[in-house]
Amino acid sequence: MARERKFTLIELFQAVKNLLLKNGYEGFTFSILAEHLGVSRGTIYKYYANKDELITAFMIHELNAFLSELQYIDNYQTFEDQFEFLMKQIFDRMNVHTFIEIGKQINGKSNQRVKKNQEELEKLHLEMYRLLQNFINLGKKEKVLKQDIPDSLILAYIFQSLTIPNHFHVPKEEWNRHLKELIKYGLMKRE
């Protein structure tokens, strides 16, 4: 009997990431993943009962990695410095928001482990907003952010702006620079 190829959790999650970005939730299957890793589907089933378990475990891993970096935002004293730090973290992990959207397609009733993972993801999502609340508070204290705009709308605006598709294939650095400018100053030319 042939020995089954082994893979690390990092290799598994990297393959999940690549295939989700390429194929989306609907196009992601254990068959495609197994082929990508050079293993049998049975090998993956030893660890995960279905794709929802695997995808939610992967998302927890990704969100934890993002939050471990984001916690350093308070090391920056001014809103401007915190904004630059936040944009760098988001641009370095542009796909986190994509995975959050993919997560909305997952049925938490498929099994108990998926339900537990989704509860953990919700906690992590709230932790992300908690970490960013100080950022918003600082912006309002420094009178850089408009006082009358709800905090949740400011954060949603930042994250949603970053999901605008780059249909015209503007070079990444230029695209990111323009997104930052739009987030900071809006569309209207200032006199």
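**Entry 1: the core**

I began with the largest nonpolar core of this predicted model. I found 57 residues in this core, and Leu12, Leu33 and Leu54 have the most contacts inside it. Next I looked up which elements give two or more residues to the core: they are helices H1 (9-27), H2 (30-37), H4, H5, H6 (95-103), H7, H8 and H9. H4 gives the most, with 10 residues. I noted a general point beside this: in soluble globular proteins, nonpolar side chains tend to be buried together.

**Entry 2: around Leu54**

What is Leu54 in contact with, leaving aside its neighbours within four places in sequence? I listed Leu12, Phe13, Val16, Phe28, Phe30, Leu33, Ile44 and Tyr48. Two of these names, Leu12 and Leu33, were already in my notes on the core.

**Entry 3: H1 against H4**

I then checked how H1 and H4 pack, and read an angle of about 110° with the axes 10 Å apart. Angles of 65 to 115 degrees count as roughly perpendicular, so that is how I described H1 and H4. Their crossing is left-handed. Among the residues of H1 that meet H4 are Leu12, Phe13 and Val16. On the H4 side, I picked out Leu54, Ile55 and Phe58, among others.

**Entry 4: helix H5**

At 1.5 Å a residue, its 14 residues should span 20 Å, and the end C-alpha atoms are 20 Å apart, so the two agree. Which residues of H5 are buried? I wrote down Phe79, Gln82, Phe83, Phe85, Leu86, Met87, Gln89, Ile90 and Phe91. Their cover includes H4 (51-70), H7 (112-141), H8 (151-161) and H9 (172-185).

**Entry 5: H5 against H9**

H5 passes H9 in a right-handed crossing. In H5, Phe83, Met87 and Phe91 are among the residues that meet H9, where the partners include Leu179 and Ile183.

**Entry 6: two positive phi values**

Phi of Lys143 is near 60°, and Lys143 lies in the loop between H7 and H8. Phi of His169 is near 55°, and His169 sits in the loop between H8 and H9. Are they buried or exposed? Lys143 counts as exposed because its relative accessibility is 69%, and His169 is exposed with a relative accessible area of 68%.

Key: Residues are numbered from 1 along each chain as its sequence is written. This is a predicted model: local features need pLDDT of at least 70, side-chain atom pairs count only at pLDDT 80 or more; totals for chains, interfaces and linings use all residues. Side-chain values use heavy atoms; hydrogens and water are left out. Helices (H or I, at least four residues) and strands (E, at least two) are DSSP runs, numbered from the N terminus. The expected span of a helix is 1.5 Å times one less than its number of residues. Buried means under 20% relative accessible area, exposed over 50%, partly exposed in between (1.4 Å probe, protein chains only). Contact means heavy atoms within 4.5 Å. A nonpolar core is a set of buried Ala, Val, Leu, Ile, Met, Phe, Trp, Tyr and Cys residues joined through side-chain atoms within 4.5 Å. Axes are lines fitted to C-alpha atoms, for helices over the stretch in contact, and angles run from 0 to 180 degrees between N-to-C directions. Angles under 35 degrees count as roughly parallel, over 145 as roughly antiparallel, 65 to 115 as roughly perpendicular and the rest as oblique. A crossing is left-handed if the near helix is turned anticlockwise from the far one by less than a right angle, and right-handed if clockwise.
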